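Let's take a walk through this model together, one neighbourhood at a time. Keep the 3D view open as you read.

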Amino acid sequence: MSSLQQPTITSSGEVYILNGSTGGELKPVPFFLNKNLRVLSANLDRAFVAVEPTVWTSPVEGALPPCSVYCFRADQSEPEYRAEFETIKAPIRQIAFGSSHTLVLTDDGTLYSRGVAMYGSTGHGGARDVPDFTEVPALKGREVRFVAAGPFYSIAITAQGDVYSWGKAFYGETGLFTQVEAVPRFAAQVTPFKVTQVSCGHSHVLARTQMQQCVSWGENTCGQLGLGQKSKPTYKPQLLSAIPSQVLAVSAGWAHSVAVGTDGRAYSWGLNSHGQLGIGDTTTRLAPHLLHDLLGLHEVVACEAARAFTMFRTHNRALMCGQIPPDLTSSVTMDFAPHRPGKHDPKGCILAPVPLNLSTGEQGSKGMAELSEIVVFDKGAIAFARSTVYLVSPNVAPIQGGTKVRVSVTGIPYEEESLEKMNVQVRLRSHAPNCDLIVKGRIVEKDLVEFETPDASPSPLGALVEQGTTLPVSVRVSVDGGFTWTPDRTPVGRELEQTMRQLPTEQQRAGYGLAQGKKDIQKELTEFKGDFEVRRNALAVSSKCSTMLWYCKWPADGPSQVEPGCAPVAGGTEVLIHVALPARMPTDHLTVKFLCTPKKSLEDAELEARAPMRRDAAEIINPDPATVAKLPLAGSLEVPVIAFLDPAGRGVCCVSPPMDADCVHYYNYSVMVSLDGHNYMQRSLPFKIFDIHVAELHPTLGVLTENTEVRVKTIGFVQSDILKVRLEFPKDAGKAAKTVPAHYDHTTGDVIFSMPPLDVPQAALGDAVPGGGDGAAESEAPKALEALAGMEVKVELSLDGQTFTEDHVHFCYVGDIQPEVIKLLANPDGNAPEEPDPKAKTGKNKNPEDEFVTLQKGSKIGCVTAGLPERIALDAPLLRCGLSSDAEGEVVQTLDMAASVESIATADGEEELHFIALVPEPPVNPNGGPWFVKRFQVSMNGQSFRACPEQPPMKLEPLPPE
């Protein structure tokens with residue numbers, strides 16, 4: 001049944017068909033005149049024909065002509081074009097198919113399949129149907145060289161001789177022990193025979209080995225395996241020794257089998273209900289039987305078995321036996337049907353092979369002088385494409401015309417010496433509203449016609465487009481001055497309306513790209529199915545739209561705003577460009593161009609000297625300085641990127657491309673928008689490309705219970721409306737990354753943000769106080785917080801709100817501190833202060849000034865401080881105090897002293913951490929006299945201060961003059 005024709009035939013000629021309407025003759029099919037035949041394949045109720053144009057040339061060395069595939073079904077005399085084969089881009093080597101699945105083998109050994117996955121016949125696993133041709137996953141990279149298919153099973157042979165099979169095997173037809181396999185499996189029983197070709201019947205298989213022997217397996221209820229007896233089905237190949245010669249060809253029918261030896265003799269066996277064995281009767285044969293009627297008359301070179309008839313081919317003729325394909329639509333007797341002279345065969349049957357007549361037809365066919373190929377299916381045989389527009393690029397244009405459009409057309413002639421003589425025309429047509437325009441075109445490349453869109457505004461179509469509607473026109477091509485046109489593939493009527501409705505609306509585009517708002521991760525199943533349908537319909541509509549030209553009203557004002565206004569040099573930022581677009585516009589060719597305009601000079605002379613143009617000029621001997629000064633710093637650059645519609649309907653989105661980090665300083669950047677990928681809107685929007693890095697933080701630590709204002713020192717900062725800081729906590733902290741806003745300090749050039757206090761994870765409280773209640777949790781909160789002390793948080797900066805730096809600069813959370821009273825530790829000369837004299841004057845003779853500890857510039861003061869981090873350096877510790885003109889007066893100003901942390905040994909030899917500061921030069925007291933120092937505070941970062949316990953004031957005096 002499945003044909004065992006020589007894979008891949010490339011030859012010009014005519015195609016003939018035999019079916020119920022041809023009266024038992026092979027009649028020519030005018031459709032295929034002057035076309036090259038590439039592949040013939042037949043099985044069950046249909047046949048496929050793959051053809052190529054006869055006249056075809058290409059400027060590309062080794063290029064192959066396009067291939068078109070057509071199908072004949074039952075009693076059809078004219079072929080049906082099969083558009084699903086268009087997805088196969090490589091040259092087709094073989095086509096095989098069953099009841100509901102189709103296989104395509106290409107020249108490079110790739111096997112594709114599509115169809116209904118009944119019994120796993122598509123080979124993709126499971127019961128999932130395959131609507132479009134998709135490479136069979138299990139055979140990727142295995143270089144398949146031959147493929148055959150039965151009703152619900154398939155067999156493939158690789159270049160290494162390995163055999164794989166899949167599908168239904170109730171009778172062992174796959175050569176596997178299992179009954180159903182949904183993916184290709186290695187046929188260990190078949191491979192050792194080194195099979196080169198296979199023919200699949202309904203439930204049995206014949207194969208020809210490398211040694212030109214015949215093997216069979218599968219069902220044997222009618223003796224179709226040729227074993228000499230009926231038997232149970234077998235999945236193990238059986239070698240047929242009853243054929244005395246080497247085997248040239250084999251073919252398996254519904255329940256019978258035929259073979260041809262290398263000596264030109266034919267053999268048949270199995271079911272013979274309609275004389276399909278060709279041995280002169282209707283008796284079933286259980287072993288190979290020689291066809292004596294052919295001896296001495298015909299040297300057979302090929303054979304093809306159908307459901308109830310068989311075809312044999314000689315070097316120049318076709319012979320047939322069995323049931324003549326009946327015309328089920330007519331009761332007229334076929335008076336000229338093939339028959340055996342002098343024999344009374346059953347009506348509609350031929351019990352022995354007879355030659356078939358070749359009808360000349362109305363096209364003046366020369367007949368079949370040398371028939372080179374024939375394939376059969378249940379209702380007939382095929383013995384031994386029109387140009388089609390498949391892509392319009394760009395497929396959107398302004399109604400005023402003037403856009404260069406290229407149309408891809410299959411099968412048009414391309415001979416450079418005759419291109420100028422060809423009268424190429426392009427027809428743009430719309431039925432409702434009416435528009436029919438014909439313009440001049442030209443062939444610019446193989447299968448490529450270029451034309452300029454005409455002004456369609458005077459037509460009824462233009463009136464609607466001017467109102468903001470986008471409408472399609474069909475694109476048809478003629479290479480003979482309009483005598484013949486490519487088919488009109490534009491949807492019409494309801495199909496066109498459905499196509500227009502299926503173009504994604506703004507609501508349906510949600511989730512494509514720059515989605516706004518919080519993502520609904522827990523989307524319901526119904527919403528997911530609806531989303532999937534939208535995407536599938538969008539793909540189908542995109543395919544239809546690609547063959548049409550869509551007229552629209554071009555945005556007059558162009559884009560108005562771009563956000564964010566900058567992107568990193570590494571790219572990857574989703575950019576939104578605000579622009580009013582026409583409704584229902586195809587988006588296949590939406591493009592955003594990043595225009596890089598080189599600068600003339602820089603303020604930084606050293607940086608300018610490293611510019612590409614300046615470096616090149618430096619290598620020139622005796623350059624003209626004036627000429628060099630006029631040169632730009634770098635070459636002009638344009639970077640187009642694919643764009644897509646904003647789901648909220650605000651304009652166009654794209655992803656910023658990567659740029660050269662070494663040259664980012666030498667360009668001014670801008671963005672431009674194109675709806676067709678060729679013509680850009682006049683207005684461009686300024687843009688910035690940055691290469692920013694975080695240099696340092698100040699401060700680098702803070703108390704975990706308070707906000708800390710942090711300044712970020714950067715390198716390569718550019719002005720941006722978006723400033724964000726991302727805080728990444730350690731993985732073991734159980735805290736998700738947090739993004740906080742930031743702002744720019746124009747006076748210092750720093751980026752400032754607030755480091756938030758840490759909150760205690762509820763899990764930590766629950767673990768600490770099981771069943772303790774709210775009060776217990778509150779009491780344990782400080783302990784849980786203290787456990788987080790020393791946590792380092794990675795701080796990264798973003799200027800676009802999407803991409804962040806990766807400089808791994810950290811901020812450290814520290815615990816709280818408890819300072820004790822401030823003491824004088826050393827005098828300005830470095831000596832320890834004197835201990836108070838117990839014999840000092842008391843009472844009325846006591847000097848009140850002697851009660852205060854005296855400080856001077858250079859005095860070392862400090863306090864024991866609990867909670868200071870031991871292994872963390874403090875980057876900006878401060879000791880702050882208040883200054884008063886008298887001991888009992890109010891503080892009139894504060895004095896900050898740079899501090900440090902030192903470990904000082906106590907009297908008992910233990911080490912204690914002290915907050916230490918050297919007293920600076922005191923300010924001048926406007927009231928004269930010394931200052932009294934009080935209200936001491938300490939801070940680890942210059943922001944979070946902790947007060948020392950109340951203590952008597954200290955007297956701060958200036959150093960005595962030398």
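This is a predicted model: local features need pLDDT of at least 70, side-chain atom pairs count only at pLDDT 80 or more; totals for chains, interfaces and linings use all residues.

Ser-859 sits in the loop that links strand 56 (853-855) to strand 57 (860-866). A polar atom of the Ser-859 side chain lies 2.8 Å from the backbone oxygen of Gln-856. Leaving out residues up to four places away in sequence, Ser-859 touches Leu-824, Ala-826, Asn-827, Pro-828, Ala-917, Leu-918 and Val-919.

Now move along to another loop, the one between strand 61 (931-939) and strand 62 (945-947), where you will find Met-940. Met-940 has 4% relative accessibility and therefore counts as buried. Beyond its neighbours within four places in sequence, Met-940 is in contact with several residues, including Leu-701, Val-703, Ile-817, Leu-868, Leu-874 and Phe-915. The C-alpha atoms of Met-940 and Pro-699 are 9.3 Å apart, although 241 residues separate the two along the chain.

In soluble globular proteins, nonpolar side chains tend to be buried together. Here the largest nonpolar core has 38 residues, and Val-592, Phe-594 and Phe-687 touch the most other members. Elements giving two or more residues to this core include strand 41 (591-598), strand 42 (637-645) and strand 44 (667-674). Val-592 touches, among others outside four places in sequence, Ile-577, Val-639, Val-652, Cys-654 and Val-671. Apart from this core lies another, of 30 residues, among them Leu-704, Val-710, Phe-717 and Tyr-813.

Technical notes
Residues are numbered from 1 along each chain as its sequence is written. Side-chain values use heavy atoms; hydrogens and water are left out. Helices (H or I, at least four residues) and strands (E, at least two) are DSSP runs, numbered from the N terminus. Buried means under 20% relative accessible area, exposed over 50%, partly exposed in between (1.4 Å probe, protein chains only). Contact means heavy atoms within 4.5 Å. A nonpolar core is a set of buried Ala, Val, Leu, Ile, Met, Phe, Trp, Tyr and Cys residues joined through side-chain atoms within 4.5 Å. A polar contact is a pair of N or O atoms within 3.5 Å; within protein, one must be able to donate a hydrogen and the other to accept it, and residues adjacent in sequence count only if both atoms are side-chain atoms.
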